[in-house]
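Colleague: I would like to learn how to read a few features of a protein model, one after another. Could we begin with a helix?

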Amino acid sequence: MHQRTPEGSGEPARRFAFEQLRLAILRGDLAPGQRMHEPDFSERLGVTRGSVRAAMIDLAADGLVERVHNRGTRVRVYSLDEAVAITECRMALEGLCAARAASLATDTQVAELVDLGEEMAAAAAAQSFERYAGLNRQLHNRLIDVSRQRSAAEMLDRLNSQLARHHYRLALLPGRPQQSLDEHLAVIAAVRAGNPQAAEAAARAHLLSVAQALRRLSADAAPTPYPHPVQERYPYDHPAPR
């Protein structure tokens, strides 16, 4: 058990708990539907139960957890239909960001995007899907950064965090990584050419492809394996920041 200090409460502790719990949900350390016990997180994170409770309220506002009557808080479960609807929202926002990136990207930024594309191609060729997924996120985030669309960035951050589980399942579909790679390279090529219309069309085509792939996933498929439960594999064996 961690020794509590004054730093284990207040705004810094709330923010710390929020960031750590959010990361755990996105990584799959906390699986969809898993109950979240305040005392356990309070002890492991070295913050007060009040800080954990406040962090869970923020997580609920972001759609990552939900309160269940008489059962406490659990990690939010998103259905495939909900995932498709969220992806359709992403389509509009990421299309906008891609178009803006094509108009605003500097030569240095274009070179960074091209390098990311080459790294993604190498990861796909090596069937290193975990690395590919990480580079995929980097590319999407970099395009959003280059677009300078802060409002879109905030909305996309929330939307993407709600789809972590389904992104993992998509990566396991036969042929999906190569299809995804081709779609991302098309976006990069359009940004490199400075063509906003083509960049937007490529980004929207990519998200349309994601939505179609989600629809192909069977709702009755066997559950996706997740890492060991939080009691066995917990990434927070360190106290709140001093």
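Modeller: Helix α7 (residues 150–161) has 12 residues, where helices are DSSP runs of H or I with at least four residues, strands are runs of E with at least two, and both are numbered from the N terminus. From its first C-alpha to its last α7 reaches 17 Å, close to the 16 Å expected at 1.5 Å a residue, the expected span being 1.5 Å times one less than the number of residues. This is a predicted model, in which local features need pLDDT of at least 70 and side-chain atom pairs count only at 80 or more, while totals for chains, interfaces and linings use all residues. Residues are numbered from 1 along each chain as its sequence is written, and side-chain values use heavy atoms, leaving out hydrogens and water.

Colleague: Which residues of α7 are buried?

Modeller: An α-helix has 3.6 residues a turn, so residues three or four places apart point the same way. In α7 the buried residues are A152, L156, L159 and S161; buried means under 20% relative accessible area, exposed over 50%, and partly exposed in between (1.4 Å probe, protein chains only).

Colleague: What is the order of the strands in the open sheet?

Modeller: Two strands pair if DSSP finds at least two bridges between them. Here the order is β1-β3-β2, with antiparallel pairing. β1 (35–36) and β2 (65–68) stand at the edges with a single partner strand each, so one side of each has no neighbour in the sheet. β1 pairs with β3 (residues 72–75) over 2 bridges, and R35 stands opposite R74 in β3.
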